[in-house]
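Reader: I would like to learn how to read the strands and the nonpolar core of a model. Where do we begin?

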Amino acid sequence: MRILVVEDEQALAQALAHGLSRYGYSVDTTYDGETALVMAEVNAYDLVLLDLNLPKMDGLEVCRRLRAAGSRVGILMLTARSGLEERITGLDSGADDYLVKPFQFAELLARVRAVLRRDGETRSAVLQSGSLMLDPNTIKVFVDSTEIPLTAKEFGILEYLLRNASRVVSHEELLEHVWNEDANMFTQTIKVHINNIRKKLAAAGDAERIATVKGRGYIVS
Ligand code: CA
């Protein structure tokens, strides 16, 4: 899942990006509202972590403009203000949830997961398909009771496929949702990652989980 971090305190922005990428998310970072709006319009983010007080355009305005343009991206607002009125304004401008600074990283993660569940096929925290089980809370994957050791990128791919189970996910879509802007990516790289995931699942007895739909992409069923 791909996240845009918008936070003008650069040290905090970097810490958030680093922390989130350790949980298998692909993260882009920007420090002002105007750039955030452009990036959110150009890239296929699953969630925007949006600070309220930002240079050039504040978080509320970014939020309003995204929603006015029809964006359904998950928006989690960060605010240093603890006033009730500001929180209500944030939610009314289209944010899905908010978090008051300072916050614990564990709570941020939990709220990120909750916002991401909102649009999924399932509201369940754990993603499952047959004997395969992926838990975004613990970043662990199991086939029956066997834990599957995946890299962060493999985890990200499998999570995206599971969140979109029962429909075909194209190479382009995987590139947009699992890699960030810095990545210099080719379709071939996706194939290599998918093959590695398949080998690991097959070793635990789940060989057919990810099917290739020729010319279109992949489907988990
Ligand atoms: Ca700020």
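Author: We begin with a strand pair. This is a predicted model. Strands of a sheet pair through backbone hydrogen bonds, either parallel or antiparallel. Here strand S1 (residues 2-6) and S2 pair in the parallel sense, over five bridges.

Reader: Is strand S2 largely enclosed or open?

Author: Buried means under 20% relative accessible area. Four of the five residues of S2 (residues 26-30) are buried, so the rest of the structure largely encloses this strand.

Reader: What is the order of the strands in the open sheet?

Author: The five strands run S2-S1-S3-S4-S5, with parallel pairing. S2 and strand S5 (97-100) are the edge strands, each pairing on one side only. Neighbouring strands are turned by 20° against each other on average, direction ignored.

Reader: Which helix packs on the sheet by touching S3 and S4?

Author: Helix H3 (residues 59-68) does, and its direction makes about 170° with that of S4.

Reader: Which residues touch the most other members of the largest nonpolar core?

Author: Of its 45 residues, they are Leu20, Tyr25, Leu49, Leu108, Leu158, Leu161 and Leu174. Helix H6 (residues 152-163) supplies the largest share of this core, six residues. Leaving out residues up to four places away in sequence, Leu158 touches Leu132, Leu134, Val141, Leu150, Ile197 and Ile210. Another core, of 20 residues, lies apart from the largest one and includes Leu37, Val48, Leu54 and Met57.

Notes:
Residues are numbered from 1 along each chain as its sequence is written. This is a predicted model: local features need pLDDT of at least 70, side-chain atom pairs count only at pLDDT 80 or more; totals for chains, interfaces and linings use all residues. Side-chain values use heavy atoms; hydrogens and water are left out. Buried means under 20% relative accessible area, exposed over 50%, partly exposed in between (1.4 Å probe, protein chains only). Helices (H or I, at least four residues) and strands (E, at least two) are DSSP runs, numbered from the N terminus. Two strands pair if DSSP finds at least two bridges between them. A nonpolar core is a set of buried Ala, Val, Leu, Ile, Met, Phe, Trp, Tyr and Cys residues joined through side-chain atoms within 4.5 Å. Contact means heavy atoms within 4.5 Å. Axes are lines fitted to C-alpha atoms, for helices over the stretch in contact, and angles run from 0 to 180 degrees between N-to-C directions.
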